[in-house]
Amino acid sequence: MKRPFLATAGVLCFAGLALAACGPDGKPPKPSNNHWNDKAMTVKSRLDCPEKQGVLTRVSAAADGKSCVYTGDDAEITLRQIAIGPDGARAALAPIESELRALVPYKAKPPEKTGEHTEIRLPGLHITAQDDSSGGSAQVRVAGVHINADDNGAEIRAENFGENSVKASLILAGDKIPTSDHPVVGYEARGPVKGPLIVAVVKSKGKDYHNDGNGAFMDMKRLVKRNTNED
């Protein structure tokens with residue numbers, strides 16, 4: 001009998017690969033010598049918050065143009081413009097990540113060489129997976145994406161901190177956290193290396209966090225993109 005983890009891992013790998021390989025339209029980018037173009041990025045001085053973005057509907061917008069809130073598809077998205085201080089983009093995003101981890105306190109256990117153990121190492125790709133009587137877990141690293149997953153959920157992170165621009169994504173999915181009203185949370189961030197950053201924070205009641213070109217998560221990416229000069 002196929003263990004539930006094996007099917008879940010396939011979905012998580014697809015989600016992580018989509019984060020790295022697909023743009024806000026859900027389509028692969030044009031061929032390039034680099035998987036990421038670290039060009040100078042600019043953002044709008046006031047957020048562009050349309051009344052509708054795909055499945056999302058705007059429910060509020062701050063008078064200063066620094067934030068707006070959307071709901072739709074069992075998700076709430078807050079679009080923000082945040083400054084980057086002297087400690088850099090990672091430090092600017094850290095409070096947001098702490099806020100999300102408080103909602104979904106998920107931490108995957110690292111794969112151990114017990115039971116059915118698989119390890120694949122190729123240029124740019126590293127997969128480690130373990131499946132035994134205590135459950136399954138996997139780690140996947142490919143093209144700037146790092147996935148940790150086990151029977152209880154997943155953490156999917158994609159980061160590129162360049163000399164000119166910042167691109168960062170995080171998804172935390174806790175499938176077995178009974179105290180959480182939002183089993184899937186995360187953020188999408190883009191902007192110049194010195195800021196400000198455009199950050200969309202998502203809190204979802206559903207578990208549909210794959211990137212198929214539709215749904216709240218892809219519309220969240222589209223909101224971020226329309227506030228930058230990213231192609």
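## Starting point: contacts around isoleucine 77

Contact here means heavy atoms within 4.5 Å. With that in hand, take isoleucine 77: leaving out residues up to four places away in sequence, this residue touches Leu56, Cys68, Val69, Tyr70, Ala200, Val201, Val202, Ala216, Met220 and Leu223.

Before going on, please note that this is a predicted model, in which local features need pLDDT of at least 70 and side-chain atom pairs count only at pLDDT 80 or more, while totals for chains, interfaces and linings use all residues. Residues are numbered from 1 along each chain as its sequence is written, and side-chain values use heavy atoms, with hydrogens and water left out.

## Two nonpolar cores

A nonpolar core is a set of buried Ala, Val, Leu, Ile, Met, Phe, Trp, Tyr and Cys residues joined through side-chain atoms within 4.5 Å. Buried means under 20% relative accessible area, exposed means over 50%, and partly exposed lies in between (1.4 Å probe, protein chains only). The largest such core has 27 residues, and Tyr70, Ile77 and Leu79 have the most contacts inside it. Elements giving two or more residues to this core include β3, β4 (75-82), β10 (165-174) and α3 (216-226). Helices (H or I, at least four residues) and strands (E, at least two) are DSSP runs, numbered from the N terminus. The largest share of the core, five residues, comes from α3.

There is also a second, separate core of 19 residues, with Ala92, Leu100, Val166 and Ala189 among them.

## A closer look at threonine 78

Threonine 78 sits in strand β4 and is buried, with a relative accessible area of 17%. Setting aside neighbours within four places in sequence, threonine 78 is in contact with Cys68, Val69, Val199, Ala200 and Val201. Its C-alpha atom is 9.6 Å from that of arginine 58, a residue 20 places away along the chain.

## One disulfide

A disulfide is a covalent bond between the sulfur atoms of two cysteines; here the cut-off is a pair of cysteine sulfur atoms within 2.5 Å. The structure holds one disulfide. Its partners are cysteine 49 and cysteine 68, with sulfur atoms 2.1 Å apart. The link is left-handed, with -75 degrees about the S-S bond. Cysteine 49 lies in the loop between α1 (4-21) and β1 (52-53) and cysteine 68 lies in strand β3 (residues 67-72), so the pair ties together parts that are 19 residues apart in sequence. Both cysteines are buried.

## Salt bridges

Side chains of opposite charge can pair when their charged atoms come close. A salt bridge is counted when a side-chain nitrogen of Lys or Arg is within 4 Å of a carboxyl oxygen of Asp or Glu, and the whole structure has 15 of them. In one of these, aspartate 48 pairs with lysine 44, the closest N and O atoms being 3.3 Å apart. Aspartate 48 is partly exposed at 21% relative accessible area, and lysine 44 is partly exposed at 37%.

Another bridge joins glutamate 155 and arginine 101, at 3.0 Å from N to O. This pair links distant parts of the chain, with glutamate 155 in strand β9 and arginine 101 in helix α2 (residues 89-103), 54 residues apart. Glutamate 155 counts as buried at 15%, whereas arginine 101 is partly exposed at 25%. Glutamate 159 and arginine 157 form a salt bridge too, with their closest N and O atoms 3.1 Å apart.
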